[in-house]
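Keep it brisk and group the points by topic.

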Amino acid sequence: MTTLTRTKTPVGNSLTAGQLPKWMPWALLAGSLVLSCAAFAVVNTGGSLTDFNIAGAVFVGVVVFAIALVVLSSVVETRRRAVDRFATVLVSIAFVIALLPLISLLFTVVTNGIARFDLQFFSYSMRNVVGEGGGAVHAIWGTLIVTAWAALISVPIGLMTSIYLVEYGRGRVAKLITFFVDVMTGIPSIVAGLFIVAVVALIDPGLNTGFMGSIALSVLMIPVVVRSSEEMLRLVPNELREASYALGVPKWLTIVKVVLPTSIAGITTGIMLSISRVIGETAPLLLTAGFTQSLNVDAFDGPMMTLPVFVYDQFQNPGTNIPAALERAWAGALTLIIIVMALNLIARFVAKKFAPKFGR
């Protein structure tokens, strides 16, 4: 009896067959950039390095890379895969373009502001300073105090308003509040300053205090806190509320013990966004908090300098030593960015610490 042996033909891996290697897009990108730079260098023969258009070479190289990748993908892979790669390239280019202004801004501020980032800048004010020297300690303290008072005013009002809209608000009153909050979101900052000046002028004309600046900033903060907190509260599942009600817990206690702890991470982020929104405002503080070259830590007595106004003042009134004033202005801008970054890091820590999955 003869036995028949069946030979098996090897089957290729269907998951990897007909696909470009993972390194191929990067190799195409590098080759396209090299060819583009070489072409621009040939065109620029005889010119200086400063005449070399780096941005143009990168743009042409990216375009060549996109075309080469799509053509190669359509030949080796499928047409659908080629379209997918083309869409990925477009999204990546859009991301890089959106990131370029931020990188450029940070690079410019750091390179120009690091020259005066010394101990004197953080320990001296501008009192009796005409030329070089001086610092921004009065502006730093003013920024922190004005922003703290603005947050102390805005956060409770905005949070309670959002709780009312989500948990209690029904009918025309809630719709009217929502409408006015949306209108307040688009109010120009200088209008908020003019409003506070007009109100305070009825009591004491010509008065400029840090607390006036805080009230002006709170007008801008409240709608941001309301909208962000409202969205976070609406994300809390209704099942959690219903389970609390089923246990006989009152509504106000359900909000305090269930709803707010569940959404505390998003609420904290929204509050930090609102603070970042107003901490760099200049126009309302010019009208309300005013100018001063001395340190003032009393928000209810006399003008109070803030970092945005300090930067504006150094650019607009540099005095006899323009380079020194510009260095102080850039250092003030860098300090403001660091304060905003620190506030965001604190907000992330608080959100992570008190999120439900880490809570007790």
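A salt bridge is a side-chain nitrogen of Lys or Arg within 4 Å of a carboxyl oxygen of Asp or Glu. By this rule the protein has nine salt bridges. The model is predicted: local features need pLDDT of at least 70, side-chain atom pairs count only at pLDDT 80 or more, and totals for chains, interfaces and linings use all residues. Residues are numbered from 1 along each chain as its sequence is written, and side-chain values use heavy atoms, with hydrogens and water left out.

**Confidence**

- The pLDDT, which is the predictor's confidence in each residue from 0 to 100, averages 84 over the protein.
- A score of at least 70 is reached by 91% of the residues.
- Helices here are DSSP runs (H or I, at least four residues), numbered from the N terminus.
- Over residues 9–15 pLDDT stays under 50, and the model has zero contacts there beyond four places in sequence.
- A contact means heavy atoms within 4.5 Å.
- Where pLDDT is low, the predicted coordinates should not be read in detail.

**Salt bridges**

- Arg116 pairs with Asp118, with the closest N and O atoms 3.5 Å apart.
- Arg116 is buried at 8% relative accessibility, while Asp118 is partly exposed at 28%.
- Buried means under 20% relative accessible area, exposed means over 50%, and partly exposed lies in between (1.4 Å probe, protein chains only).
- Glu77 forms a salt bridge with Arg85, the closest N and O atoms being 3.0 Å apart.
- Asp84 bridges to Arg81 at 3.1 Å between the closest N and O atoms.
- Those two sit three residues apart in helix H3 (residues 79–113), so about one helical turn separates Asp84 and Arg81.
- Asp84 is partly exposed at 38%, and Arg81 is partly exposed at 36%.
- Salt bridges link Glu77, Arg81, Asp84 and Arg85 in a network.

**Nonpolar cores**

- A nonpolar core is a set of buried Ala, Val, Leu, Ile, Met, Phe, Trp, Tyr and Cys residues joined through side-chain atoms within 4.5 Å.
- The largest core has 45 residues, of which Leu233, Leu260, Leu307 and Phe310 touch the most other members.
- H4 supplies the largest share of this core, ten residues.
- Another core, of seven residues, lies apart from it and includes Leu28, Phe65, Leu69 and Val89.
- Leu233 touches residues including Ile163, Val166, Val259 and Leu260, not counting those up to four places away in sequence.

**Buried helix positions**

- In helix H9 (residues 251–262), the buried residues include Thr254, Ile255 and Leu260.
- Their cover includes H4, helix H7 (210–234), helix H8 (238–246) and H10.
- Ser274 lies in helix H10 (residues 264–278) and is buried at 0% relative accessibility.
- Leaving out residues up to four places away in sequence, Ser274 touches Met221, Val224 and Val225.

**Partly exposed positions**

- Val71 belongs to helix H2 (residues 54–76) and is partly exposed, with a relative accessible area of 47%.
- Val350 lies in helix H13 (residues 322–353) and is partly exposed at 26%.
- The C-alpha atoms of Val350 and Ile338 are 18 Å apart, the two residues being twelve apart along the chain.
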